Amino acid sequence: MEKRVSEQIKAENEKKKEYLWKYQDSVRRVARIESELAEIRAMKAGTAINYDGLPSGSRQTDLSDYAAELDKLERELILERYKRIKLYQDIEMRIKRLKSRNENDVLFYRYIRRLDWWEIAEKMHYSERWIYKIHGKALAHLEIPKEFSEVQ
């Protein structure tokens with residue numbers, strides 16, 4: 001019985017961590033889309049230069065394909081940035097609801113600022129071991145959206 005409760009708590013904590021890491025996933029997706037946009041723009045800029053001095057025709061389909069791809073990525077970037085902001089606001093609000101300032105700080109530094117455990121310990125002037133304990137308590141007190149905590 002006690003083992004089952006322990007496993008259930010562990011599973012709940014994993015769901016909570018998964019939810020908290022979603023912000024960093026979104027940050028990475030935004031960076032990836034921005035990188036793709038930069039790469040496509042750089043490729044197009046590189047193909048626009050013709051050094052042979054000979055006249056060349058422009059292929060309209062290439063330009064419209066390029067514009068369509070840029071538009072698609074820019075729309076995707078706007079949508080992902082919006083999702084990132086909403087996720088940040090939701091996670092930050094849930095973290096701020098914690099009564100303990102230490103629990104609040106540990107979750108913020110770990111999941112929003114993405115600091116390593118030793119960096120959090122240094123910043124808060126505690127040992128890493130104590131930071132792990134605070135983290136465990138913070139997860140126990142953190143409430144995540146019901147739809148996320150259900151089996152996905």
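Reader: How do H3 and H5 lie relative to each other?
Author: The model is predicted, so local features need pLDDT of at least 70 and side-chain atom pairs count only at pLDDT 80 or more, while totals for chains, interfaces and linings use all residues. Residues are numbered from 1 along each chain as its sequence is written, and side-chain values use heavy atoms, with hydrogens and water left out. The axes of H3 and H5 (lines fitted to C-alpha atoms, for helices over the stretch in contact, with angles from 0 to 180 degrees between N-to-C directions) come within 9 Å and cross at roughly 95 degrees. Angles under 35 degrees count as roughly parallel, over 145 as roughly antiparallel, 65 to 115 as roughly perpendicular and the rest as oblique, so H3 and H5 are roughly perpendicular.

Reader: Which residues of H3 make the contact with H5?
Author: Contact means heavy atoms within 4.5 Å. H5 brings Ile131, Ile134, His135, Lys137, Ala138, Leu139 and His141. From H3 come Asn102, Glu103, Val106, Leu107 and Tyr111.

Reader: At what angle do the axes of H4 and H5 cross?
Author: H4 covers residues 117–124, and its axis comes within 9 Å of that of H5. Helices are DSSP runs (H or I, at least four residues), numbered from the N terminus. H4 is roughly perpendicular to H5 because of the crossing angle, which is roughly 100 degrees.

Reader: Which residues of H5 does H4 meet?
Author: On the H4 side are Trp117, Trp118, Ile120, Ala121 and Met124. The partners in H5 are Glu128, Ile131, Tyr132 and His135.

Reader: Within what arc do the buried residues of H4 fall?
Author: Buried means under 20% relative accessible area, with exposed over 50% and partly exposed in between (1.4 Å probe, protein chains only). In H4 the buried residues are Trp117, Ile120, Ala121 and Met124. They line one face of the helix, because the arc (of the directions from the helix axis to the C-beta atoms) is 100 degrees.

Notes: Helix = DSSP H or I, 4+ residues; strand = E, 2+ residues; numbered from the N terminus.
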